[in-house]
Amino acid sequence: MHRTKTQFAKRINRVASGLERRGVVATYEVQDRLLANRSSRRRYAQVAPALDDVQRVVLERLREVNAARFVDETEAGLASEREGGESALRRRAGKEFLVRKYSWGVTLGLDDPWLRLGVNPRLLDLANGYLEMWSKLEYVDVWYTPPAGADERRSSQRWHRDFNDRHLLKAFIYLVDVDNETGPFEYVPRSAPGGELDRLWPWRPLGDNYPPEDEFAQKVDGRSVSFTAPKGTIIFCNTSGFHRGGFATGKPRVLATLTWDSPASLKALSERNYVFAASDDEPASEVQRYALT
Ligand SMILES: O=C(O)CCC(=O)C(=O)O
């Protein structure tokens, strides 16, 4: 089938005169608007597929090209900054190497594809199953990290534990292919509380979570894992274990990230980065509302 099509295409390209080409184009337009595709669209409308949340988000993203818009706006902002101009890019003190789509204080509803992904039942069930409680969606954002140039690793680009919670699950969704030059996420397996390496500079609420680098390298002794992976990969991890990432050297890194943690964390250690705007058009289930409020 594929071979036949390829040969047909070759023949068209080789021998078709201008007249033939126009005929092919006209045939395609008639088939698309009036004949073959019309009946195909009617069939689709009669028995529309029941999409699950992930599929809906993917569709939405395909339609809105949401991430692509963020990348375009960020690159335009960075270009303007390079020329000494102003930009509306969002950064946070201490982690200025990173541009954030939302940062803190944004109002989001379930029409936002990234927030929606954070309470997608398949992801939320996973977070709740891992944490063995109904979790809170604490953070949702999209990050753009330009290459660091001559800069050294800074803040979360160095090995650390997140102090937000010991009951923590993060997802990183790579929106570009991530190789060694794109600042892969790196993790030390079994270093989260309860793991066999949890005594290495153990997790404490608001603890001093950045160990001395030489000593850390000696103790971990090559046991870390580096997540180079293609665009679309989702990494789940408990970042109260040791991790680092985002030290892009050759190419910009773009990812979406979600954090689920415990109600205790929101009360004491962490700050949700968005305010949830409920809407009658997008009803949330009880477990989703719990996660969002
Ligand atoms: O960007 C990364 O890969 C890691 C980010 C990080 O360290 C964090 O979110 O705590």
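Mentor: Let us begin with a term. Patches are made of residues with over 30% relative accessible area and no salt bridge, where like charges are joined within 9 Å and nonpolar side chains (Val, Leu, Ile, Met, Phe, Trp, Tyr) within 5 Å. A salt bridge is a side-chain nitrogen of Lys or Arg within 4 Å of a carboxyl oxygen of Asp or Glu. Accessible areas come from the Shrake-Rupley method with a 1.4 Å probe, and for residues only the protein chains shown count as cover.

Trainee: Which residues make the nonpolar surface patch here?

Mentor: Val-30, Leu-34 and Leu-35 make a nonpolar surface patch of about 250 Å². Before we go on, please note that this is a predicted model, in which local features need pLDDT of at least 70, side-chain atom pairs count only at pLDDT 80 or more, and totals for chains, interfaces and linings use all residues. Residues are numbered from 1 along each chain as its sequence is written, and side-chain values use heavy atoms, with hydrogens and water left out.

Trainee: How many helices and strands does the chain have?

Mentor: The chain has 10 helices and 11 strands. Of its 293 residues, 41% count as buried. The accessible surface comes to about 16,800 Å², and 52% of that belongs to carbon and sulfur atoms.

Trainee: What is Phe-172 in contact with?

Mentor: Contact means heavy atoms within 4.5 Å. Leaving aside neighbours within four places in sequence, Phe-172 is in contact with several residues, including Trp-143, Phe-185, Ile-235, Cys-237 and Leu-255. Phe-172 lies in strand E5 and counts as buried, at 5% relative accessibility. Phe-172 and Cys-237 are 65 residues apart in sequence, with their C-alpha atoms 8.5 Å apart in space.

Trainee: And what about Thr-145?

Mentor: Thr-145 lies in strand E4 (residues 136-145). Thr-145 is buried, with a relative accessible area of 2%. Leaving aside neighbours within four places in sequence, its contacts include Phe-97, Leu-98 and Arg-253.

Trainee: A change of topic: what is the volume of the largest pocket?

Mentor: The largest pocket has a volume of about 690 Å³. On a 1 Å grid over the protein atoms alone, a pocket is an open set of points where a 1.4 Å probe fits, with protein on both sides within 12 Å along at least five of seven lines; lining residues have an atom within 4 Å of a point. Grid points are joined across faces, edges and corners, and a volume is the space filled by probe spheres set on the points.

Trainee: Which residues lie nearest its centre?

Mentor: The largest pocket is lined by 35 residues, of which Lys-95, Arg-100, Asp-162, Asn-164 and Lys-170 lie nearest its centre. Among the elements that give two or more residues to the lining are strand E2 (95-100), E4 and strand E5 (168-174).

Trainee: How many salt bridges does a search of the whole structure find?

Mentor: The search finds 11 salt bridges. In one of them, Glu-186 meets Arg-153 at 3.8 Å, N to O. Glu-186 lies in strand E6 (residues 185-187) and Arg-153 in the loop between E4 and E5, so the pair ties together parts that are 33 residues apart in sequence. Glu-186 counts as buried at 11% relative accessibility, whereas Arg-153 counts as partly exposed at 26%.

Trainee: What does Glu-213 form with Arg-158?

Mentor: Glu-213 forms a salt bridge with Arg-158, and the closest N and O atoms are 3.0 Å apart. Glu-213 lies in helix H8 (residues 213-220) and Arg-158 in the loop between E4 and E5, so this pair ties together parts that are 55 residues apart in sequence.

Trainee: Finally, what is the phi of Ser-103?

Mentor: Phi of Ser-103 is near 55 degrees, a positive value in a residue other than glycine. Ser-103 is found in the loop between E2 and strand E3 (106-108) and counts as buried at 9% relative accessibility.

Key: Helix = DSSP H or I, 4+ residues; strand = E, 2+ residues; numbered from the N terminus. Buried < 20%, exposed > 50% of the residue type's maximum accessible area, 1.4 Å probe, protein only.
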